[in-house]
Amino acid sequence: MASRSHEVDHAPFTIWNSAFEDRMSLLAKLEESHRAIRKTFLLHRLIVVASLPQQLADRKDLGVHYEELNQRLQRYYQGDAITGLLLLYPTCMLHVIESSSEVLVSLLQDVRNMQERPHCVLIEAPRVLVMSHDLPSRLFQQWSYKVLNVQARVGGMLSRDGPEEEDTDTLVSTALSMLLKLGNHLLKTTKGSKMPPGSVLDEVPEMIVPQDILVQLLSRGDLLSPQQYLQAYHTPLHILMDSGEQDFNHSSTGLGLTPFQFSQFEK
């Protein structure tokens with residue numbers, strides 16, 4: 001009887017162990033499925049503009065910050081390549097990043113966190129110019145940054161009256177069109193060669209988006225800040241329905257409050 005009682009006492013543990021093994025096996029399958037899906041992640045492109053603080057002594061500090069951030073993100077999101085271009089003007093920056101949605105959201109969170117620091121000396125007043133989804137191909141082969149010559153006035157004017165006479169839609173359209181042309185030029189010039197993108201930019205300053213356009217865009221109120229963008233498109237939306245409360249997720253489809261898609265210039 002003692003032996004039978006001993007066997008009965010172990011039965012619940014045997015059942016529990018079996019259930020635990022089943023759950024672990026299911027978890028392993030889910031993780032393997034998740035890794036397989038991430039190997040074919042969808043490509044997205046984020047474009048951010050921001051002012052540079054006067055106390056920023058060396059603009060290379062911002063380039064180094066993003067270099068280190070990209071390295072950390074690529075270690076965390078293995079397989080999600082990051083490509084793009086960071087242009088550092090005398091008074092502002094233009095950053096184009098291509099990667100998975102998780103990486104781009106992490107980059108926006110980093111910009112937001114920098115803004116929340118009491119004495120941020122890297123950027124000021126960042127704005128999301130556009131977020132494009134499900135792109136067929138990359139515009140850049142690698143990520144790099146370029147400090148533009150302080151004395152050089154890159155690009156051209158929008159009209160005889162200057163960019164201040166243009167509305168936001170025209171400014172955005174011009175900036176995106178120039179970025180597309182510049183990206184295509186870099187792609188053709190650097191493909192299969194070891195020539196750094198910065199050297200190519202020195203040869204075609206007229207293809208770089210003028211700083212005047214970026215300054216005007218940063219002064220407009222219809223571009224979302226990273227914080228506003230994350231709140232609008234990447235936070236749960238609670239809706240009270242007759243059947244109870246349910247959660248829905250936002251899905252971003254374009255440029256903040258300005259109706260432009262970078263992909264429309266690639267057709």
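Glu116 sits in helix 3, where helices (H or I, at least four residues) and strands (E, at least two) are DSSP runs numbered from the N terminus. At 56% relative accessibility, Glu116 counts as exposed; the scale here is buried for under 20% relative accessible area, exposed for over 50% and partly exposed in between, with a 1.4 Å probe and protein chains only. Glu116 and Gln227 are 111 residues apart in sequence, yet their C-alpha atoms are 10.0 Å apart in space.

A word on the ground rules. This is a predicted model, in which local features need pLDDT of at least 70 and side-chain atom pairs count only at pLDDT 80 or more, while totals for chains, interfaces and linings use all residues. Residues are numbered from 1 along each chain as its sequence is written, and side-chain values use heavy atoms, with hydrogens and water left out.

**The overall layout**

The protein chain has seven helices and seven strands. Reading from the N terminus, the order of elements is α-β-α-β-β-α-β-β-α-α-α-α-β-β. Of the 267 residues in the protein chain, 41% are buried. Contact means heavy atoms within 4.5 Å. Among contacts in the protein chain with a separation of 6 or more, 78% are between residues 24 or more positions apart.

Let's go back to helix 3. The axes of helix 2 (residues 60-76) and helix 3 come within 11 Å and cross at roughly 135°. That makes helix 2 oblique to helix 3. For reference, axes are lines fitted to C-alpha atoms, for helices over the stretch in contact, and angles run from 0 to 180 degrees between N-to-C directions. Angles under 35 degrees count as roughly parallel, over 145 as roughly antiparallel, 65 to 115 as roughly perpendicular and the rest as oblique.

The crossing of helix 2 and helix 3 is right-handed; the near helix is turned from the far one by less than a right angle, clockwise for right-handed and anticlockwise for left-handed. On the helix 2 side, the contact uses His65, Tyr66, Leu69, Asn70 and Leu73, which meet Val103, Ser106, Leu107, Asp110, Val111 and Met114 in helix 3. By class, the residues of this contact of helix 2 with helix 3 come to seven nonpolar, three polar and one charged. Here Ala, Val, Leu, Ile, Met, Phe, Trp, Tyr, Cys and Pro count as nonpolar, Asp, Glu, Lys and Arg as charged, and the others, Gly among them, as polar.

Ser106 lies in helix 3 (residues 101-116) and is buried, with a relative accessible area of 15%. Leaving out residues up to four places away in sequence, Ser106 touches Leu73 and Tyr77.

Further along, helix 4 (residues 168-190) and helix 6 (residues 211-218) have axes that come within 10 Å and cross at roughly 140°. Helix 4 and helix 6 are therefore oblique to each other, and their crossing is left-handed. Thr168, Leu171, Val172, Thr174 and Ala175 in helix 4 meet Ile213, Gln216 and Leu217 in helix 6. That contact of helix 4 with helix 6 involves five nonpolar residues, three polar and no charged.

**Tyrosines in pairs**

Rings of Phe, Tyr and Trp (its six-membered ring) pair if their centres lie within 6.5 Å; planes under 30 degrees apart count as stacked, over 60 as edge-to-face and the rest as tilted. By this rule the count comes to three aromatic pairs. Two of them are tabulated here.

| Pair | Centre to centre | Angle between planes | Type |
|---|---|---|---|
| Tyr76 and Tyr77 | 4.8 Å | 85° | edge-to-face |
| Tyr229 and Tyr233 | 4.7 Å | 50° | tilted |

Tyr76 is exposed at 65% relative accessibility, whereas Tyr77 is buried at 16%. Tyr229 and Tyr233 are both buried. These two, Tyr229 and Tyr233, lie in helix 7 (residues 226-233), four residues apart, about one turn of the helix.

**Positive phi**

Most residues other than glycine have a negative phi. Ala125 has a positive phi of about 45° although it is not a glycine. Ala125 is in strand 4 (residues 124-132) and is partly exposed at 33% relative accessibility. Asp134, also not a glycine, has a positive phi near 50°. Asp134 falls in the loop between strand 4 and strand 5 (143-147), and its relative accessible area of 48% makes it partly exposed.
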